[in-house]
Amino acid sequence: MSSAEKYRALKGMRDVLPPDIYVWQKIEGIASGLFASYGFSEVRTPVAEATGLFTRGIGEGTDIVDKEMYTFEDKGGRSISLRPEGTASVVRSYIEHQLHTLPSPQKFYYAGPMFRYERPQSGRFRQFYQIGVEAFGSSSPALDAEVISMLRHFLQRLGLDQLVVQVNSIGCAACRPGYTGTLISFLGERQGELCPDCQRRHAQNPLRILDCKVPQCIALRQGAPKVMDHLCADCRQHMELLQHLLTGLEIPFVLNHEMVRGLDYYTRTVFEVTSGDLGAQNAVAAGGRYDRLVSECGGPDVPAFGFAVGMERITELVKKTLPAVHPAPSAFLALLGAQALYEGLRIADRLRTAGIWTETGDHTASLKSQMRKADRVAAAFVIIIGDDELAAGEFRWKKLADGTGGSAPFSALSSFFCGCS
Ligand code: ATP
Ligand code: MG
């Protein structure tokens, strides 16, 4: 390789650098604090799994499995995929470690990168980050309501309260086949006019035709029967109680009978949170109930509910509402000479262990150039330490914001910074 060759991040993958990283850390901090108060513990699963887990869990015929997976053979000839979403991995872990033997519900959250080979565009990346939660072991709509409420509080704490929660029920194994039959008869002869993707969906998972954004498919499904009108008594009751509880929790929601989500594993409740401020990729969070996934992945019959939030999309929104964070050092030690370097490093050490962000200047440079440097890094205070100061036992200080200054004994240095670290 020639030395002139430049490496760049892969298409659809990017670095998160300061100051953006402070926004990310703030979001992650709010998530872990809030989720803990709902009893959710963090889990970290590997970013790669056996491909079969995803084809089985997410479902063949879904866009994710058919078109978007990063799949490769490892050196032992095994088919491995980078995780395109978090739920299948958490379910695998739940089963592998027999977590169903612990008291229910078991509640987990995760934060980390997901990988999908999609066309990169605004709000759509090939490596993107999700914060997600999964709660196992309750089929009550109370769980759906609590988890949706937790998501709303999370978004509210981030200053995002202009978001819409859309809810739907897509039924269960008992009532969904009847509904999809009705949908297929409704489309009748006109199914041949559907887009090529929907022709495929028509055979594999007709429900997903409802979600297609192609204009001809939107036109063809005008007046189509609504899944909500074909739910079995149990699913209807689940949906009614959920709406009642969401109202009680003061969560504004709209019923969207066309929302079905792109993953096969959902049963009953599906929901999505969208923002008017994001353009085409407007979904910031999505999730629902998946009562059969644990058993379909080889575990016991355990119902579950979860959601995932797209980090890139919420940071985009959070950046519009929160003032930008530009952390800067509290102290910049201007060090004049070799003795000042020796004492200066000891002082910096003390300040740092007291939690005060301290930078040190180049002891061979002039005071003027060290002051310039302090200014560039936007330090709050410059502490000047030279032979004279060391002899007198007092440092000189200067506050860069207003140019005020003075001197004080070295013994008072830590307390000098109290309240400004
Ligand atoms: P979309 O309709 O935007 O493709 P999805 O239905 O594929 O979303 P989920 O699999 O439910 O999304 O993932 C949950 C959230 O993760 C989405 O609401 C979105 O915020 C985010 N997300 C999904 N795919 C991407 C991507 N390629 N880049 C960035 N964020 C993404
Ligand atoms: Mg998608």
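**Group meeting: a walk through the fold**

Okay, so a compact globule of 421 residues would have a radius of gyration near 22 Å, but this protein chain comes out at 28 Å. That radius is taken over C-alpha atoms, and the globule rule is 2.2 Å times the number of residues to the power 0.38. Along the principal axes, the C-alpha atoms fill a box of roughly 95 × 60 × 45 Å.

Quick housekeeping. This is a predicted model: local features need pLDDT of at least 70, side-chain atom pairs count only at pLDDT 80 or more, and totals for chains, interfaces and linings use all residues. Residues are numbered from 1 along each chain as its sequence is written, chains are lettered from A and ligands numbered from 1 in the order in which they are written, and side-chain values use heavy atoms, with hydrogens and water left out.

The protein chain has 15 helices and 16 strands; those are DSSP runs numbered from the N terminus, helices being H or I with at least four residues and strands E with at least two. Of the 421 residues, 47% count as buried, meaning under 20% relative accessible area with a 1.4 Å probe, protein chains only.

Now the sheet. It's open, with eight strands in mixed pairing, and the order is β1-β5-β6-β11-β10-β9-β7-β8. Two strands pair if DSSP finds at least two bridges between them. At the edges sit β1 (41-42) and β8 (253-255), each pairing on one side only. β1 runs parallel to β5 (residues 106-115), joined by two bridges, and E42 has Y109 in β5 as its bridge partner.

What packs on this sheet? Helix α5 does, touching β6, β7, β9, β10 and β11, and its direction makes about 20° with that of β11. Touching here means contact, heavy atoms within 4.5 Å.

α5 (residues 141-157) also packs with α1 (residues 20-37), at an angle of about 145° and with the axes 10 Å apart. Those axes are lines fitted to C-alpha atoms, for helices over the stretch in contact, and angles run from 0 to 180 degrees between N-to-C directions. From α1, I27, I30, A31, L34 and F35 meet M150, H153, F154 and R157 in α5.

Last stop: helix α11 (residues 311-321). Its buried residues are M311, E312, R313, I314, T315, L317 and V318.

Methods. Buried means under 20% relative accessible area, exposed over 50%, partly exposed in between (1.4 Å probe, protein chains only).
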